[in-house]
There are 2 protein chains.
Amino acid sequence: MRVRLLLILLLIISVESFHAQIGLPEDIKIGVKLPMKSEYLHEERSVWVSLPEGYEQSTKTTYPVIYVLDAENNFNYLSTVYQYLSKEPFGVLPQAILVAIANTDRTRDLTPTNTSKEMSFSGKKQVMFAGSGGNATFMKFIKDELFPAIEKKYRSNGYKVLVGHSFGGLAAINNLLSEPLFNAYIANDPSLWWDKELLIKKTETSKDDFKNIKFYLAQANNAEARNVKDDEHEIAIGKFKNLLEQQKLKNLQWKYGFYQSDDHGTVPLPGNNDGLRYIFRSYKWNFRDAMKNTALINQHYQEFSKDMNHTFKPTELFFKKIIDIAKERSSAESVKELEQLKKEYYP
Amino acid sequence: MRVRLLLILLLIISVESFHAQIGLPEDIKIGVKLPMKSEYLHEERSVWVSLPEGYEQSTKTTYPVIYVLDAENNFNYLSTVYQYLSKEPFGVLPQAILVAIANTDRTRDLTPTNTSKEMSFSGKKQVMFAGSGGNATFMKFIKDELFPAIEKKYRSNGYKVLVGHSFGGLAAINNLLSEPLFNAYIANDPSLWWDKELLIKKTETSKDDFKNIKFYLAQANNAEARNVKDDEHEIAIGKFKNLLEQQKLKNLQWKYGFYQSDDHGTVPLPGNNDGLRYIFRSYKWNFRDAMKNTALINQHYQEFSKDMNHTFKPTELFFKKIIDIAKERSSAESVKELEQLKKEYYP
């Protein structure tokens, strides 16, 4: 009996050895979920956070915070794409903290008014959106509970972006029109048809000044998937775009993108990519020039800060990486100048 | 002393209570790193794996495998973007397993020949790429060690894609021209200048038939970042594109994309997105039509399989999701038909 067992074991081992030996797996992690009790919402929320490379090693660098709605759908790809596009020192976007809010009652939180809608599926009628209209309370949670918690726990530089899709895009535009809590917004294929185009009417009569606020509107090509050309969703976005073109939102800096190959489901991918690049458009530069002339670093960050109407500084990781490159290239003078400049920013 | 301590504690608690209470963080995981001993390479490699949603819950569904070079740069964003774009039942890409290979000696593994290059930095000359030329051995590792290990450990359907960038794009094209191990390839801004345009020459004289192989070539706009218009990198890609247009690679199905807003560093993002959509272009369909007529499911997968020259079947998760939708819409007849069809695919 024992001999037979030994033989079987030997057989298993010998079969295994024909293949590459695979060891114990190690998890690949991209962020954390933080449970957070909200008094306004009377419930526990889950907030998903991604920190930039070098966050733990630096002590004084502060970062913009990108707030993202619908964490379940958007956190994984957006946080990893963001990290990819903000890699020091090559990045086309500044390093940032991503904070995404997971849903409990999505319709309640993201819609501005209580209104229901009768929809027909296979001839059967169903009432939709009965519990809608809680967006004001949800934004109070963001302003008075989430912002202070994030600002306390992480090193934010105070610049805030809000990213939303569909109802999330509706919520973003609702905040822009009511009490802008963010410096910049991205609305992907927003549900502007909501409540007989409530937000279109609000836009038409807006008297506010949106100076220094940046806004990106992404629209999907839904005609193919939905077999409709002019449904209320497309009509409402078209009206809003017209109002932007007529500068109804005074001094707003905005851009619009239409995505021929993307439908309502996939449009956030190119929309967020283009939207973030639009918002941070003055960030991209040729950092290689700074290797020859370190004064360009100050100049670049002054220009970038001016365009953002907010102070941005090069990160400690930027200095570390650029000094490493200068060392590899044995540019002793550059190394000295860069280390001197680093001390000025981070004494 | 004790009283003072108690007072301090109470003060801390009362200050804390002004903020939302944050609980214990939970990690967000997107995959695993598998250590793997390679006999060919005489070293341990790390292979990063992402499994599709529903993989653990299903027992028989098989998936294509997307092999990705440079795991460190590409795994996080590509695996999460892929999951986003392949979400059942809406996805525009079929669910897939992603397998990315981390580097140990990148130049050695990804270059086809041993050749060094003298480069000049700040007037100082450095010899680059001294240890190059190990791509044949690396591909042997992929073919005879990695493939069997992955096929044994995971439910693959046998369809394989290779994704590479820069030297990784060079390695992908080298494999295509030598001994194609994959059904489809994506080469992002490949380093075709390598060894006096070695692979251009190989393409010019190729007599092989590339029937049923799909290939996507993405080219970055490097002129701005590098302050050069016609460097050897751009020239070589241009020549290769011309050869594709002249159909030097017989029967190859190929597409080319130029990315105006992306440089060498960021081009893999849109390149992989467009490349994967090109490879799986016949997968996208309007699944909603199948709710009314389940025969369309068979028809769609037959057409998709024909275009791929490989058998693809709807996943168990697809049936689960579409049956759930039919139940929500109280379409009893649809539910019955879909459950019958599911049994045919997964008895």
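Q: Welcome to this predicted model! Let's start with a pair of helices in chain A: does H12(A) pass H13(A) in a left-handed or a right-handed crossing?
A: Helix H12 of chain A covers residues 316–328 and helix H13 covers residues 332–345, and the two pack with their axes 9 Å apart. The crossing in which H12(A) passes H13(A) is left-handed.

Q: How do H12(A) and H13(A) run relative to each other, roughly parallel or roughly antiparallel?
A: The angle between H12(A) and H13(A) is about 165°. Angles over 145 degrees count as roughly antiparallel. The two helices H12(A) and H13(A) are therefore roughly antiparallel.

Q: How many charged residues are there in the contact of H12(A) with H13(A)?
A: From H12(A) come A:Phe319, A:Ile322, A:Ile323, A:Ala326 and A:Lys327, which meet A:Ser334, A:Val335, A:Leu338, A:Glu339 and A:Lys342 of H13(A). By class, this contact has six nonpolar residues and one polar, and the number of charged residues is three.

Q: Turning to chain B, at roughly what angle do the axes of H12(B) and H13(B) cross?
A: Helix H12 of chain B spans residues 316–328 and helix H13 spans residues 332–345, with axes that come within 9 Å. The crossing of H12(B) and H13(B) is left-handed. The axes of H12(B) and H13(B) cross at roughly 165°.

Q: Which residues in H13(B) meet those of H12(B)?
A: On the H12(B) side are B:Phe319, B:Ile322, B:Ile323, B:Ala326 and B:Lys327. By class, the contact of H12(B) with H13(B) has six nonpolar, one polar and three charged residues. The residues on the H13(B) side are B:Ser334, B:Val335, B:Leu338, B:Glu339 and B:Lys342.

Q: Now for the place where the chains meet: which element gives the most residues to the side of chain A that touches chain B?
A: In all, 46 residues of chain A are in contact with 46 residues of chain B. The elements of chain A that give two or more residues to this side are strand S1 (21–22), strand S2 (26–38), H2 and helix H4 (135–153). The one that gives the most, with 13 residues, is S2(A).

Q: How many residues of the side of chain A that touches chain B are nonpolar?
A: This side of chain A belongs to a contact of 46 residues of chain A with 46 residues of chain B. Its residues divide into 10 charged, 14 polar and a nonpolar group of 22.

Q: In which sense do S2(A) and S2(B) pair, parallel or antiparallel?
A: Within the pairing, A:Val32 stands opposite B:Asp27 of S2(B). S2(A) and S2(B), the latter covering residues 26–38, pair over seven bridges, and the sense is antiparallel.

Q: How do H2(A) and H2(B) lie, roughly parallel or roughly antiparallel?
A: In each chain, helix H2 covers residues 71–85, and the two pack with their axes 8 Å apart at an angle of about 150°. That angle makes H2(A), relative to H2(B), roughly antiparallel.

Q: Which residue in S10(A) is the bridge partner of A:Ala187?
A: Strand S9 of chain A, residues 184–188, pairs with S10(A) in the parallel sense over five bridges. In S10(A), the bridge partner of A:Ala187 is A:Leu217.

Q: Does A:Glu232 count as buried or partly exposed?
A: A:Glu232 lies in helix H8 of chain A, residues 232–245. A residue needs 20 or more neighbours to be buried, and 12 or fewer to be exposed. With 14 C-beta neighbours inside 10 Å, A:Glu232 counts as partly exposed.

Note on methods. Residues numbered from 1 in each chain as written. Chains lettered and ligands numbered in written order. Predicted model: local features only at pLDDT ≥ 70, side-chain atom pairs only at ≥ 80, totals over all residues. Axes fitted to C-alpha atoms, helices over the stretch in contact; angles between N-to-C directions. Helix = DSSP H or I, 4+ residues; strand = E, 2+ residues; numbered from the N terminus. Parallel < 35°, antiparallel > 145°, perpendicular 65-115°, else oblique. Contact = placed C-beta atoms within 7 Å. Nonpolar A, V, L, I, M, F, W, Y, C, P; charged D, E, K, R; others polar. Pairing = 2+ DSSP bridges. Left-handed = near helix turned anticlockwise from the far one by under 90°.
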